[in-house]
Amino acid sequence: MFNERIDVDRMQRRIAELGAIGETEDGGVTCLAYSERENEAFAYLLEEIPDSYDVEIDRMGNVFATPDRSAESSLYMGSHLDTVRNGGRYDGRLGVVTALEAMQAVDELDESPAIPPTLSIFRAEETARFNVGLIGSRGALGLLEETQLEAADKDGVSLREAMDTLGFRPPEIGTPTIDTDRIAGFVELHIEQGPVLEAAEIPVGIVTEIRGILRDRVTVRGLPNHSGATPMEKRRDAVAGAAQMIDAVERIGTEASREGDLVATVGYMDVPDASANKVSGEVTFPIDIRSVDMAYQTAVDERIRKRIESIAEERDLTVEIEVMERIHPVSLDEHMIEQLAAAAEKTETPYQRMASGGGHDAMDFIEIGKPAGMVFTACDRGLSHNPNEHVEPEAMKAGTKTLAQNLLEYRPK
Ligand SMILES: [Zn+2]
């Protein structure tokens, strides 16, 4: 039924046109949270939404578009448009483009779904700019916190200021921007961001759980001094100390990954007064630890902290470790998982159940008690947050068929 109706060329055109906004030299995309570029991407997508749909833009700039505003409850479907620096064309965008395509394919049928859809396009999902993520969906659902609004980018611009510049306002803390009673469920399609589906030659994954995130910020302080005049034994070098600490994060993370589900990463290090002719006095770096098992994650974080503190002591440095963000691991809704699996079967789409390594907007719906599910599509070499991110048209189509069939037949429990 959906084989002829789903227009892969139209999806590829939309992905390409979105990708042209903020295109980088090596073919990637930079479209950061609450930037002018993100605004352009939203403006582009608004033009693609059929005129017959009712469009609501909330105070944070999230977009909700539905063919039936009068319906008491609606199946929300979508993802985000922002990217990391020099990211790919599919992360987030594919979830928006496939949701719109599934809605348009269902519009063409004689029968209509019992629960009409709402295309949901969220702002600021990536942590690349403000070091906090899921901002648009958290705001929409009443989960945004004061501290998140004060998070600043590397130029010192806070999230609140960046929103204000574009004419958006955060909601009152604890208050959603949309009528959450209307949400019958949420489905998000996303690229896998890993190599599992491709290796298994299966186009679609149905996600069962999402790894939680524990993110620390480490500040290492030593004594800034002249690189030529300070003898080696007299140094309190924050860069050398941080390098040893980062090495420890990788070693402990690797060991822990053999005993349980866990990955640990230091994505960057920041040396505020960096200079080639200086022993540096201060370094900050984040630690990002992910696992489906929160107790295990906390235990490994403890192990890492102890090691960092002992390195600091050996080197006569001071160290401060603060928790920046803690996002619990999430089990997706069982009933939604079953309905998505049934939709995949009915459309003869090969699929497998799997866990997600990345955090996604869908987690926020679970947090407020709404049934949420996720569909993954295989991606080329598992690459993501990378200019070479790519999804084959067959996988795109398989995922969209599953979304469309689920939309047609979804019934809340
Ligand atoms: Zn994403």
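How many salt bridges are there between domain 1 and domain 2? The count is zero, a salt bridge being a side-chain nitrogen of Lys or Arg within 4 Å of a carboxyl oxygen of Asp or Glu.

Before going on, the basis. This is a predicted model, in which local features need pLDDT of at least 70 and side-chain atom pairs count only at pLDDT 80 or more, while totals for chains, interfaces and linings use all residues. Residues are numbered from 1 along each chain as its sequence is written, and side-chain values use heavy atoms, with hydrogens and water left out.

Now the domains. The assignment gives domain 1 as 2-210 + 329-409 and domain 2 as 212-327; such bounds come from an automatic or database domain assignment. Taken over C-alpha atoms, the two centres are 33 Å apart. Domain 1 brings 13 residues to the contact and domain 2 brings 10 residues, where contact means heavy atoms within 4.5 Å. Together the domains bury about 860 Å², 57% of it on carbon and sulfur atoms. That area is the accessible area (1.4 Å probe) that two parts lose on being put together, summed over both. Of the area that domain 1 buries against domain 2, 51% comes from Asn131, Pro329 and Met363, more than from any other three residues. Two residue pairs are in polar contact between the domains, both at pLDDT 80 or more. A polar contact is a pair of N or O atoms within 3.5 Å; within protein, one must be able to donate a hydrogen and the other to accept it, and residues adjacent in sequence count only if both atoms are side-chain atoms.

Next, the metal. The zinc ion is coordinated by His80 (NE2), Asp91 (OD) and His190 (NE2), at 2.0 to 2.2 Å. Donors are N, O and S atoms within 2.8 Å of the metal (3.2 Å for Na, K and Ca), and because water is not among the atoms, sites may look incomplete. The donor spacing in sequence is H-x10-D-x98-H. Histidine 80 counts as buried because its relative accessibility is 0%, and aspartate 91 is buried as well, at 4%. Buried means under 20% relative accessible area, exposed over 50%, partly exposed in between (1.4 Å probe, protein chains only).

Last, histidine 360. With a relative accessibility of 1%, histidine 360 is also buried. Its side chain makes a polar contact of 3.4 Å with that of serine 356.
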